Amino acid sequence: MKIPHHLTDKFAKYTVLVCAASSVIILAAITVFIVLQGMPTFQKVGVFDFLFGTEWRPTYDKYGILAMIVGSTAVTIGALAQAIPLGIACAILLAEVAPNRIRSFLRPAVELLVGIPSVIYGLIGMVLIVPAVRHIGGSGFSILAACLVLTAMVLPTIISISEDSIRAVPHAYKEGALALGATRWQTISRVLLPSARSGIIASIVLGMGRAVGETMAMIMVIGNAIAFPKSPLDPARTLTGNIAVEINYATGTHESALFATGIVLLIFIIVLNTITTVVLRRGIQKHAEHLT
Amino acid sequence: MEVTLNKNIESLPYLDNVKLRTRMANLYYNKFQALRNVTLEIPSHAITAIIGPSGCGKSSLLRLFNRMNDLIPNTRVTGDIELDGKNIYEKSIDVVDLRKRVGMVFQKPNPFPMSIYDNIVFGPKQHGRTNRNELNKIVENVLRKSALWDEVKDKLEQSALALSGGQQQRLCIARVLAVEPEVILMDEPCSALDPVATLKIEDLMRTLREIYTIVIVTHNMQQAARVSDMAAFMMMAGDRAGELVEYGHTSQIFTNPRDKRTEDYITGRFG
């Protein structure tokens, strides 16, 4: 028996629809579940006390996560402050400066770095970075060590996506700038980088996502102390680390508080993504609408 | 080989105001030879057209004069290429300075994704001019010269990419003028434009001729006949590209070509 074409089309259409819907459903289910699990904490502790409380002592019913918000923010900003300039410089090197011979071996190396499991980064951090930081002061398990490890982890993302976007700038822009008597560096900094801005910002957003979400490597090098960190050499705890370290033995309100930490993390990432996307749009919209 | 070479030199017109000169210029992309013993002299304050079929090396010859071929890896140049009697391929030559003196307009309009104003001040800014009043004057001056001022004076802060193709190309010419070059190279500047826009660019070229030396590559015979004072006909035969067949005053090339191949080409018998 031959199946009519309009039926096969319909079948294909609904199959795709179901697949697409399922990913949305999963996302919604996760969000609802986390919110339901975490809600009791907000009711019991109060949103303000939860977010801005500096004490996290589940045994005494104290659930304040400000120290972890500071920890997560500090490692993210610290890592990005190093990874953005380094990453863009590397991307320029790969896209515009390095001869093909060198690029053909550097580029796969960078891509390989993206795929290394984070526990390996954590291990190297524990064995090399932490003792090195110990020489400066403290135990070595610290925000500083976490920043250094995290820099290495987000760097490959920023490099590879930025390089792609610099390469995607039309060759005609480069020729035009050079033909006007611009030097190579002027061409890169005034024409290529501004034209590649959207891709570079996308790479930073992705790097930031990775930095905020990174758990395992951070647990291994940051010390996971619940005390409020006062200097980069102090140990601290990240929002993700908080959940991972305590979820094994948490019950009742304690468990709910960890889910509430997850809600905060979720909002954290949504806000960061929105800010960068808005900033990005504002910069390129003027010209982007004319690009076909 | 020798025969074509001598004929080429023999046919050189006598010029007393030579701006650009090539002597036995050869250009290689890897092993491919794109120009063969090209010898010609380009007069100042005139429009010189380089014509010929696709792939014959017209653009390669043009790009010799501002060393744009340098951007392509593994290119090699032999022979002399001179600007005002000085070899521009010597080690002591600063390519950035050379390109300030020899501007270029490309086949496809290539304004930067910036405002009209920023496109024009790009060159002057890179060369260290930052005084806002001075830059404003440059913008108005070159936009008037390129006959674009009346169309864009109220929207200088708008994106250059919003302009029509013809306007974009005139903006690109204005952008070159802002650097105050001596020579303007044009690589098929009208091939992406409609006839009206093309005529506007041609009018513009005629007015610019008073001040600048213009070299234009075109595959449009009528255009070469309309605008140019001198014409160079290039040719390829089989896998041999980059031969200059004939060079002379445009009127002579189009009415009384010396070479049979030139005659065949301009009368449309091939190519």
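The structure described here is a predicted model.

B:Asp84 also stands out by its backbone. Most residues other than glycine have a negative phi. B:Asp84 is not a glycine, yet its phi is positive, at about 50°. The residue sits in the loop between strand E4 (75–83) and strand E5 (86–87) of chain B. B:Met24 is a further case. Its phi is positive too, at about 50°, and B:Met24 is not a glycine. B:Met24 belongs to a strand, namely E1 (residues 18–29) of chain B. Its C-beta neighbours inside 10 Å number 14, so B:Met24 is classed as partly exposed.

The partners of E8(B) come next. Strand E3 (residues 47–51) of chain B pairs with E8(B) in the parallel sense, through four bridges. Within E8(B), B:Ile214 stands opposite B:Ile47. Strand E7 (residues 183–187) of chain B also pairs with E8(B) in the parallel sense, here through five bridges. B:Leu185 has B:Val215 of E8(B) as its bridge partner.

Elsewhere in chain B, B:Leu35 is part of strand E2 (residues 32–43). B:Leu35 counts as buried because it has 25 C-beta neighbours inside 10 Å; the cut-off for this class is 20 or more. Leaving aside residues up to four places away in sequence, B:Leu35 touches B:Ala25, B:Asn26, B:Leu27, B:Gly57, B:Ser60, B:Leu61 and B:Gly242. B:Ser164 lies 129 residues from B:Leu35 along the chain, and 35 Å separate their C-alpha atoms.

Chain B also meets chain A. The contact draws 23 residues from chain B and 18 residues from chain A. On the side of chain B that touches chain A, four elements each supply at least two residues: helix H3 (95–101), strand E6 (102–105), helix H4 (116–126) and helix H7 (165–177). By type, the residues on this side of chain B are 12 nonpolar, seven polar and four charged.

Chain A holds 12 helices and two strands. Read from the N terminus, the order of its elements is α-α-β-β-α-α-α-α-α-α-α-α-α-α. The C-alpha trace of chain A spans about 75 × 70 × 40 Å along its principal axes. Of the 292 residues in chain A, 38% are buried. Among contacts in chain A with a separation of 6 or more, 73% join residues 24 or more positions apart. Chain A is divided into domain 1 (12–45) and domain 2 (70–239). The centres of these two domains of chain A, taken over C-alpha atoms, are 32 Å apart.

Helix H4 (residues 100–115) of chain A contains 16 residues. From first C-alpha to last, this helix reaches 23 Å, close to the 22 Å expected at 1.5 Å a residue. The number of buried residues in H4(A) is zero out of 16, so the helix lies largely in the open. Helix H3 (residues 66–97) of chain A includes A:Leu66. A:Leu66 is partly exposed because its C-beta neighbours inside 10 Å number 16. Not counting residues up to four places away in sequence, A:Leu66 touches A:Leu51, A:Phe52, A:Gly53 and A:Thr54. A:Arg210 is 144 residues from A:Leu66 along the chain, and their C-alpha atoms are separated by 21 Å.

Terms used: Residues are numbered from 1 along each chain as its sequence is written. Chains are lettered from A and ligands numbered from 1 in the order in which they are written. This is a predicted model: local features need pLDDT of at least 70, side-chain atom pairs count only at pLDDT 80 or more; totals for chains, interfaces and linings use all residues. Two residues are in contact if their C-beta atoms, placed from the backbone, lie within 7 Å. Ala, Val, Leu, Ile, Met, Phe, Trp, Tyr, Cys and Pro count as nonpolar, Asp, Glu, Lys and Arg as charged, and the others, Gly among them, as polar. A residue is buried if 20 or more other C-beta atoms lie within 10 Å of its own, exposed if 12 or fewer, and partly exposed in between; C-beta atoms are placed from the backbone. Two strands pair if DSSP finds at least two bridges between them. Domain bounds come from an automatic or database domain assignment. The expected span of a helix is 1.5 Å times one less than its number of residues.
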